[in-house]
Every structure is written in structure tokens, then in C-alpha cells.
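Thank you all for coming.

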Amino acid sequence: MHVAIIMDGNGRWAERRGLARSAGHRAGARTVRRIVESAARTGIKVLTLYAFSSDTGPPGQEVASLMRLLNGTLVAETARCLQNSVRLSVIGRRDRLSADLVRTIEHTERITSTGSGLHLRLAIDYSARAQSQRAAALAGGATARCRTSSASLRGRELRRRRRGRPF
């Protein structure tokens with residue numbers, strides 16, 4: 001079974017309690033630990049956590065704080081992943097992450113790559129908007145490269161029908 005969770009609202013949760021938004025993100029990280037442990041115990045094979053969308057992300061300083069939290073959490077939780085046979089992989093754009101965070105991600109992925117239990121996927125700096133635009137561009141490029149256009153196919157179909165030929 002594959003379960004996906006969009007992690008959203010930690011900052012607002014903290015603000016409603018009179019706390020700094022960063023306190024909400026730290027509380028969210030603790031919740032992630034419980035979710036991962038529960039998913040591994042219940043036999044879920046893949047857990048995708050949508051952790052940071054570039055479409056609706058917070059202001060720059062908060063993003064930097066989130067990325068530091070991610071880096072520290074990965075460092076702190078790698079041993080626990082190994083103990084519980086959790087394989088971690090990060091999806092999303094890495095080209096806009098700090099070199100230090102990318103090294104930590106790659107190290108954690110490499111160390112946990114043999115995990116045979118839960119596959120934990122973190123979506124970091126992902127963008128549904130960018131993915132849709134990329135898919136449309138690829139589809140448009142494929143259509144432009146196609147030698148037989150749909151109009152041409154319709155023309156052939158009409159000529160065959162007029163002549164009484166099957167497809």
C-alpha cells in the first residue's frame with residue numbers, strides 16, 4: 001500500500017497557540033517520526049510526505065529555517081531509519097537546495113538504500129504547477145515531432161470510408 005500525506009498547517013497551528021511558526025515546524029517533525037513508525041509497524045510499503053511545495057511555500061527566511069530543520073532531522077533520524085529498515089529517498093528539485101543539505105540527503109539515501117521495510121519518500125521543493133507545465137511542454141513537443149497529425153489521420157479515414165475500405 002502507498003500512502004501520501006500533504007504536510008501543511010504547522011506554522012498556522014503554532015501561530016494560533018501564540019508560538020513562533022518554527023515551533024510548529026519542529027512539532028510537525030516530531031509528528032512525522034510517529035507517522036513513520038506507525039506506517040512501518042502496520043506494513044505500509046511506501047509513504048510519501050509532501051513536505052515543502054515551491055508553489056505555496058512560506059517567505060524566504062522561513063524556508064531557510066525549514067531547510068535547516070530538515071538537515072538536522074535527517075542527520076538525527078538516519079540511524080533510526082537503519083534500525084527499522086526504512087529506505088529514504090527525496091523527490092523534487094535539488095538544484096535550489098544548499099550544497100550541505102544535498103550532501104546530507106545523498107548520504108542518507110545511500111546509507112538507507114538497502115532498507116527492505118518502509119520506503120519513505122520526502123517531496124521537497126516540488127511543484128504541481130511546474131510538473132503540469134513540463135508535461136504540457138513534453139506533450140506539445142511530442143505532437144510537433146509526430147509525422148502524422150490528427151488532421152491528416154482524419155483525412156485518411158474519410159477517404160477510406162468514401163471508398164468503402166475498412167481501416
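Let me begin with a term: pLDDT is the predictor's confidence in each residue, on a scale from 0 to 100. We need it because what you see is a predicted model. The mean pLDDT of the protein chain is 81, and 72% of its residues reach 70 or more. That confidence can also be read element by element: helix α6, residues 150-162, has the lowest mean at 53, whereas α4 has the highest at 96.

Now the overall layout. The protein chain has six helices and four strands, and, if you follow them from the N terminus on, the order is β-α-α-β-α-β-α-β-α-α. Of the 167 residues in the chain, 31% are buried. If we take the contacts between residues at least 6 apart in sequence, 76% of them join residues at least 24 apart.

Which residues of the largest nonpolar core touch the most other members? This core has 24 residues, and the ones to look for are M67, L120 and L122. At least two core residues come from each of α2 (21-42), β2 (46-53), α3, β3, α4 (99-112) and β4 (119-126), and the largest share, six residues, is supplied by α3. If you select M67 and set aside residues up to four places away in sequence, you will find that M67 touches F52, L97, L101 and I124.

The C-alpha atoms of Y50 and I124 are separated by 6.9 Å, although the two residues are 74 residues apart along the chain. Y50 has a relative accessible area of 26%, so Y50 counts as partly exposed.

Let us turn to the helices, starting with α2. Its 22 residues should span 32 Å at 1.5 Å a residue, and the end C-alpha atoms are 31 Å apart, which agrees. The buried residues in α2 are A23, G24, H25, A27, G28, V32, V36 and A39. I would pick out H25, which has a relative accessible area of 13% and is therefore buried, since the limit for that word is under 20%. Leaving aside neighbours within four places in sequence, H25 is in contact with N10, G11, E62, L66 and L69. After α2 comes G43, whose phi is positive, near 85°.

The helix with the highest mean pLDDT, α4, has 14 residues and reaches 20 Å from its first C-alpha to its last, close to the 20 Å expected at 1.5 Å a residue. Its buried residues are L101, V102, T104, I105, T108, E109 and T112. How are these buried residues arranged when seen down the axis of α4? They fall within an arc of 160°, so they line one face of the helix. On the other side of α4, A99, R103 and R110 are exposed.

T78, which sits in helix α3, is buried, with a relative accessible area of 9%. Its side chain reaches the backbone oxygen of L74 at 2.5 Å. Not counting residues up to four places away in sequence, T78 touches T108, I111 and T112, and of these T108 and T112 are among the buried residues of α4. A79 is also placed in helix α3, but A79 counts as partly exposed, at 45% relative accessibility. The C-alpha atoms of A79 and T108, 29 residues apart along the chain, are separated by 9.3 Å.

Where is S85 found? S85 is in the loop between α3 (60-83) and β3 (87-91), and at 23% relative accessibility S85 is partly exposed. Phi of S85 is near 55°, which is a positive value in a residue other than glycine. As a rule, most residues other than glycine have a negative phi.

Methods: Residues are numbered from 1 along each chain as its sequence is written. This is a predicted model: local features need pLDDT of at least 70, side-chain atom pairs count only at pLDDT 80 or more; totals for chains, interfaces and linings use all residues. Side-chain values use heavy atoms; hydrogens and water are left out. Buried means under 20% relative accessible area, exposed over 50%, partly exposed in between (1.4 Å probe, protein chains only). A nonpolar core is a set of buried Ala, Val, Leu, Ile, Met, Phe, Trp, Tyr and Cys residues joined through side-chain atoms within 4.5 Å. Contact means heavy atoms within 4.5 Å. The expected span of a helix is 1.5 Å times one less than its number of residues. The arc is that of the directions from the helix axis to the C-beta atoms. A polar contact is a pair of N or O atoms within 3.5 Å; within protein, one must be able to donate a hydrogen and the other to accept it, and residues adjacent in sequence count only if both atoms are side-chain atoms.
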